[in-house]
Amino acid sequence: MTVPAMPQKLVTIDASEPLEKIYEIVARDGGVIVSNFLSPDLLKETMGAIEPHFSQRDFYKSKATHEELGDDFFPEGSKRVYALLAKIPDQLTKIMRLDVWQGIMGRFLNDEYYSYTGEKLLSQKSGYMLASTAALRLVPGVKPQPLHRDQIAYQVRPDPTNPLFTPMVGCLVAGSKCTFKNGATAVIPGSHLWSPDRAPKREECTYAEMEPGSALFCLGSTYHAAGENICDPTDEDAIRTLFAVFAQRDYFRQDQEEILSTPIEIARKLPEDVLKLAGYYKAVGGVGYVEDHQSPHEFLHQDYGLGKFTAQTVQVAL
């Protein structure tokens, strides 16, 4: 496919459009806005489920252990609720089961390679899994986030023969109306094809303005950042709320440890397909096994190993 000149704005496409059409836009631009990603009922349900958690949160202060993201990565004035599998499991399950979410993640994160075992050339496949989840809220006065690539933690070296390779794909679901004024995500379309020595500039950005229920999908190699909320507190749309539901290749270390963040009582009630996405299964290629090359989920209902954790012990560990 011939890649045209860098577009000035992100494309918005309805969730009912063919997936192949969505894939083409992501491959060209590094991101896309999918309108009507959540149904009105699921949007209302998700917002209702997260509100009690936001009400108990103060403004976010980063506790990054190694200061690996820099001092200004999380501007003051945001509220963040992490580990959504433990907090809104029913709603997160429904989101991860959406055809568009699974389709985009599968298209850009599934992979296949080959390796000899003895004299046999075997196909080595990989899949995708949940990378991290969070609910993100900006209030008036919050400053813009630095432009960045989400794949930063994986130290990816660009491969000219595989320019679309990324270890992760972002999905930011609009829980509220997202406007330039209230901090809509800044994105540089086409930046997923840049070399690592090119710095992003704010004037190159467009903004992911979305209606509630839409979603921004971005490759991990695309430069983006949370915007600045310049609204007056009395503005009708002064508060910007997003839900991050990111995925990654299943052979990389999980970006956010959902297993350790989720009480065992909740994990034991999750459906098998969600357990697989959340990291309770070993990777398609075998990484992440327990004991005799078994998947961790086989130990969920045991009184030892993974199954010995309770909500109380998880809280102590965190």
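This is a predicted model: local features need pLDDT of at least 70, side-chain atom pairs count only at pLDDT 80 or more; totals for chains, interfaces and linings use all residues.
Tyr116 belongs to strand E4, which covers residues 111-117. Because exposed means over 50% relative accessible area, Tyr116 counts as exposed with its value of 57%.

The chain as a whole has 9 helices and 12 strands. Its radius of gyration is 20 Å, close to the 20 Å that the globule rule gives for 318 residues, and the chain is therefore as compact as a globular protein of that length. Taken along the principal axes, the C-alpha atoms fill a box of roughly 60 × 50 × 40 Å. Among contacts between residues at least 6 apart in sequence, 76% join residues at least 24 apart. The chain exposes about 16,300 Å², of which carbon and sulfur atoms supply 52%, while 49% of the 318 residues count as buried.

What, then, lies inside? In soluble globular proteins, nonpolar side chains tend to be buried together. In this model the largest nonpolar core has 50 residues, and the members that touch the most others are Phe37, Met96, Trp101, Met105 and Phe217. Helix H5, which spans residues 99-109, gives the most to this core, with 6 residues. A second, separate core has 19 residues, including Ala131, Ala174, Ala184 and Ala244.

When its neighbours within four places in sequence are left aside, Phe217 is in contact with residues from several parts of the sequence, among them Gly30, Val32, Phe37, Trp101, Met105 and Cys171.

Which residues of helix H1 (residues 19-29) are buried? They are Ile22, Tyr23, Ile25, Val26, Ala27 and Asp29. An α-helix has 3.6 residues a turn, so residues three or four places apart point the same way. What covers the buried residues of H1 includes strand E1 (12-14), strand E2 (31-35), helix H5 and strand E10 (215-219).

Definitions and conventions:
Residues are numbered from 1 along each chain as its sequence is written. Side-chain values use heavy atoms; hydrogens and water are left out. Helices (H or I, at least four residues) and strands (E, at least two) are DSSP runs, numbered from the N terminus. Buried means under 20% relative accessible area, exposed over 50%, partly exposed in between (1.4 Å probe, protein chains only). The radius of gyration is taken over C-alpha atoms; the globule rule is 2.2 Å times the number of residues to the power 0.38. Contact means heavy atoms within 4.5 Å. Accessible areas come from the Shrake-Rupley method with a 1.4 Å probe; for residues, only the protein chains shown count as cover. A nonpolar core is a set of buried Ala, Val, Leu, Ile, Met, Phe, Trp, Tyr and Cys residues joined through side-chain atoms within 4.5 Å.
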